[in-house]
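I'm opening my notebook on this one.

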Amino acid sequence: MSEPVQQRLLTTPIPGPRSTALMERKNGAVASGVGTTMPVFAVAAGGGVVVDVDGNHLIDLGSGIAVTTVGNAAPRVVAAVQEQVAAFTHTCFMITPYEGYVAVAERLNALTPGDHDKRTALFNSGAEAVENAVKIARVHTGRDAVAVFDHAYHGRTNLTMAMTAKNMPYKHGFGPFAGEVYRAPLSYPFRDGLDGAVAAARAIDVIEKQVGAENLACVVIEPIQGEGGFIEPAPGFLPALVDWCRANGVVFVADEVQTGFARTGDLFASDREGIVPDLIVTAKGIAGGLPLSAVTGRAEIMDATHTGGLGGTYGGNPVACAAALAAIETIEADGLLARAREIEAITLTRLRDLQASDPRIGDVRGRGAMIAVELVDPETADPDPELTKAVAAHAHRQGVIVLTCGTYGNVLRLLPPLSIGDELLHEALDVLAEAFRSA
Ligand SMILES: *Cc1c(COP(=O)(O)O)cnc(C)c1O
């Protein structure tokens, strides 16, 4: 299959008749708890386009939630997967290991922040990797407590639901949740106006008073929050937390599941802050769309666990490992860090132009191909989730895949694949501008 034509093309209303029929089958067969953002079913994707079953070409500003950063069906990933899947599909690394797993670990050890001695363990999903980072931190420190932040998202398993802030839709009715998880206030410059040092002192005070450093195994934080609303903490916030963790024997865990692998214009968001996490959790963009996740970190922490204590049937599946090596090669060979920064420049310029004439756009923020627009009541700056929904719905009808996020549901988030062309990107931003005008 070659890459789909790089054009927005609407051959039917969204959804078309075939998608409508498939949605009926979905509703009869798939648990209703599994929702969909778009009402259309995909048959192909690549570059900056997703093609649906009715032949509509949609512009992709979602990347399947920040996963297909190197592009959908990226050529190197496709070739590597085809070769590996024909050789063998699974032996279980814990039974008969294979080189691909080791090679991914070596790449992650070399590429993640810091030049200390590192080790890596591979898993399947972001949530599974976050859980394992907590397990490792607990064994290493001999302590139980975990500190997380307001607006955090860490996944949907029992422990990661406890770590996630937002009730609907992630937690409602699904408790009781894992214990020993404590929440501290985040730095949220648009809403709290605090500088990084002050916001960090506020968070550290809550942790010291309500948990006690001597009980704390780890602090887990997204360097830029994803689902929580693409919240970038004020400069200095993250370094102050890292310093406090180090002074108190607390493991600092960066959840870079959404921000990793060139998404923010750096290989990892921690790079821009100049922080060196003790453990870094990665997933989403790691393998061009195949399910893979990792915990990478200081050898003395990663090696604290007894042999056999970490693993899982599928963790580090050979096909996913082949895809990861090809995705990393693509980032390097295609200059995708620079591409992410070009996308940032185009997107921020266009959105700030819009903001200048539309007071409902309270904030435009983000880095690389991870840009957000926070929509508010112009009078009160209160979140406006209804407007956000209306703008997204308009974009969807016009063939642009765009996602929303945020604790208050009032953030539009743009996560295009780095393989999108300038023309398509501009066209998608035109559609968004029109969506704001009509909403
Ligand atoms: C998506 C996400 C997760 C969970 O990853 P899954 O693969 O869906 O389990 C964890 N942390 C962050 C920051 C994420 O964006």
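**Entry: α4 and α12.** I started with helix α4 (residues 99–111) and looked up how it packs on α12: the angle is about 35°, and the axes are 8 Å apart. Keep in mind that this is a predicted model. I checked the handedness too, and α4 passes α12 in a left-handed crossing. Which residues meet here? On the α4 side I listed G100, Y101, A103, V104, R107 and L111, and on the α12 side C321, A324, L325, I328 and E332. I sorted the residues of this contact by class and got 8 nonpolar, 1 polar and 2 charged.

**Entry: α3 and α12.** Next I turned to another partner of α12 (residues 318–333), namely helix α3 (residues 75–87). Their axes come within 8 Å and cross at roughly 155°. Are α3 and α12 roughly parallel or antiparallel? An angle over 145 degrees counts as roughly antiparallel, so that is what I wrote down for α3 and α12. The crossing of this pair is right-handed. From α3, the contact uses R76, V77, A80, V81, Q84 and V85. From α12, I noted P318, V319, A322, A323, A326, A327, E329, T330 and A333. By class, that contact has 11 nonpolar, 2 polar and 2 charged residues.

**Entry: α8 and α9.** Then I looked up a helix pair elsewhere in the chain. Helix α8 (residues 196–210) packs against helix α9 (residues 237–247) at an angle of about 40°, with 8 Å between the axes. Is the crossing of α8 and α9 left-handed or right-handed? I found it to be right-handed. In α8, the residues involved are G196, A199, A200, A203, I204, I207 and E208. They meet F237, A240, L241 and W244 in α9. My tally for the contact of α8 with α9 is 9 nonpolar, 1 polar and 1 charged.

**Entry: the two domains.** I stepped back to see how the chain is divided. The domain assignment gives domain 1 as 17–73 + 335–438, and domain 2 as 77–333. The contact takes 42 residues from domain 1 and 37 residues from domain 2. Between them, the two domains bury about 3,100 Å², and 56% of that is on carbon and sulfur atoms. I also looked for the residues of domain 1 that lose the most area to domain 2, and these are V70, R367 and M370. Together, those three make up 26% of what that side buries.

Entry: A reminder to myself: most residues other than glycine have a negative phi, and most peptide bonds are trans. I14 and P15 are joined by a cis peptide bond, with omega about 0°. P15 sits in the segment before α1 (17–29). I found a cis peptide bond between M168 and P169 too, again with omega about 0°. Where does P169 lie? I placed P169 in the loop between α6 (158–163) and β6 (181–184). I looked up where A66 is, and it's in helix α2 (residues 63–66).

How values were computed
Residues are numbered from 1 along each chain as its sequence is written. This is a predicted model: local features need pLDDT of at least 70, side-chain atom pairs count only at pLDDT 80 or more; totals for chains, interfaces and linings use all residues. Side-chain values use heavy atoms; hydrogens and water are left out. Axes are lines fitted to C-alpha atoms, for helices over the stretch in contact, and angles run from 0 to 180 degrees between N-to-C directions. Helices (H or I, at least four residues) and strands (E, at least two) are DSSP runs, numbered from the N terminus. Angles under 35 degrees count as roughly parallel, over 145 as roughly antiparallel, 65 to 115 as roughly perpendicular and the rest as oblique. A crossing is left-handed if the near helix is turned anticlockwise from the far one by less than a right angle, and right-handed if clockwise. Contact means heavy atoms within 4.5 Å. Ala, Val, Leu, Ile, Met, Phe, Trp, Tyr, Cys and Pro count as nonpolar, Asp, Glu, Lys and Arg as charged, and the others, Gly among them, as polar. Domain bounds come from an automatic or database domain assignment. Buried area is the accessible area (1.4 Å probe) that two parts lose on being put together, summed over both.
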